[in-house]
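Please examine the sequence and the structure shown here before reading the notes that follow.

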Amino acid sequence: MEKKRTTIVLFSGDYDKAMAAYIIANGAAAYDHEVTIFHTFWGLNALRKDGDVEIQKSGMEKMFGKMMPKGADKMGLSKMNFGGLGQKMIKGVMKKHNAMELPNLIEMAQEQDVKLVACTMTMDLLGLHKEELLEEIEYAGVAAYLADAEDGNVNLFI
């Protein structure tokens, strides 16, 4: 019997939407699916390292770098963000209910061999460099995602 495949395009840079993507990915991996999360545009922020990385950049690349959150834990909410206060509130509720935060969900996904892919075209557009992203991820373009999705049993866009 062939293994089931789940692919997720993570386009959103919102904390709650990225959490949903990683909860689904971890659940699918636990059900023995081969899982790919293709991070593109603002979804790449989930793969950014927390903090500054010393790297030579152009003016536009520096501007994008300053405007985008550095790391999954710094992403804002899609609704009721209230200038960052909403994210603090939801994290408090999550802690109360012993729910895993996004960085832990990403780590769990890596432990379950979920394929985390950074879109190279978007990296070029936004001026992101490999040094700024997490270790042990893959880099590819849309053709690689489409090859995974073509055999997918479940394909999601978040």
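This briefing covers the sheet, the helices and the nonpolar cores.

This is a predicted model, in which local features need pLDDT of at least 70 and side-chain atom pairs count only at pLDDT 80 or more, while totals for chains, interfaces and linings use all residues. Residues are numbered from 1 along each chain as its sequence is written, and side-chain values use heavy atoms, with hydrogens and water left out.

**Sheet**

- Five strands make up an open sheet with parallel pairing, in the order β4-β3-β2-β1-β5; strands (E, at least two residues) and helices (H or I, at least four) are DSSP runs, numbered from the N terminus, and two strands pair if DSSP finds at least two bridges between them.
- The edges are formed by β4 (138-140) and β5 (154-157), each of which pairs on one side only.
- From one strand to the next, the twist averages 20 degrees.
- Four bridges join β1 (residues 5-10) to β5 in the parallel sense, and T7 has N155 of β5 as its bridge partner.

**Helices**

- Helix α1 (residues 15-30) packs on the sheet, where it touches β1, β2 (34-39), β3 (115-119) and β5; contact means heavy atoms within 4.5 Å.
- The direction of α1 makes about 170 degrees with that of β1; axes are lines fitted to C-alpha atoms, for helices over the stretch in contact, and angles run from 0 to 180 degrees between N-to-C directions.
- In helix α4 (residues 102-111), the buried residues are L102, L105, I106 and A109; buried means under 20% relative accessible area, exposed over 50% and partly exposed in between (1.4 Å probe, protein chains only).
- These residues lie on the same side of α4, because they cover an arc of only 100 degrees around the axis; the arc is that of the directions from the helix axis to the C-beta atoms.
- The cover over the buried residues of α4 includes α1 and β3.
- After α4 comes D113, with a positive phi near 60 degrees.
- T122 belongs to helix α5 (residues 120-126) and counts as buried because its relative accessibility is 0%.
- Apart from neighbours within four places in sequence, T122 contacts T40, F41 and L44.

**Nonpolar cores**

- The largest nonpolar core holds 33 residues, and Y22, I37, L47, L102, V114 and L116 have the most contacts inside it; such a core is a set of buried Ala, Val, Leu, Ile, Met, Phe, Trp, Tyr and Cys residues joined through side-chain atoms within 4.5 Å.
- At least two residues of this core come from each of β1, α1, β2, α4, β3 and α5, and α1 gives the largest share, eight residues.
- Not counting residues up to four places away in sequence, V114 touches A25, A29, V35, I37 and A109.
- A second, separate core has seven residues, including F38, C119, A140 and A149.
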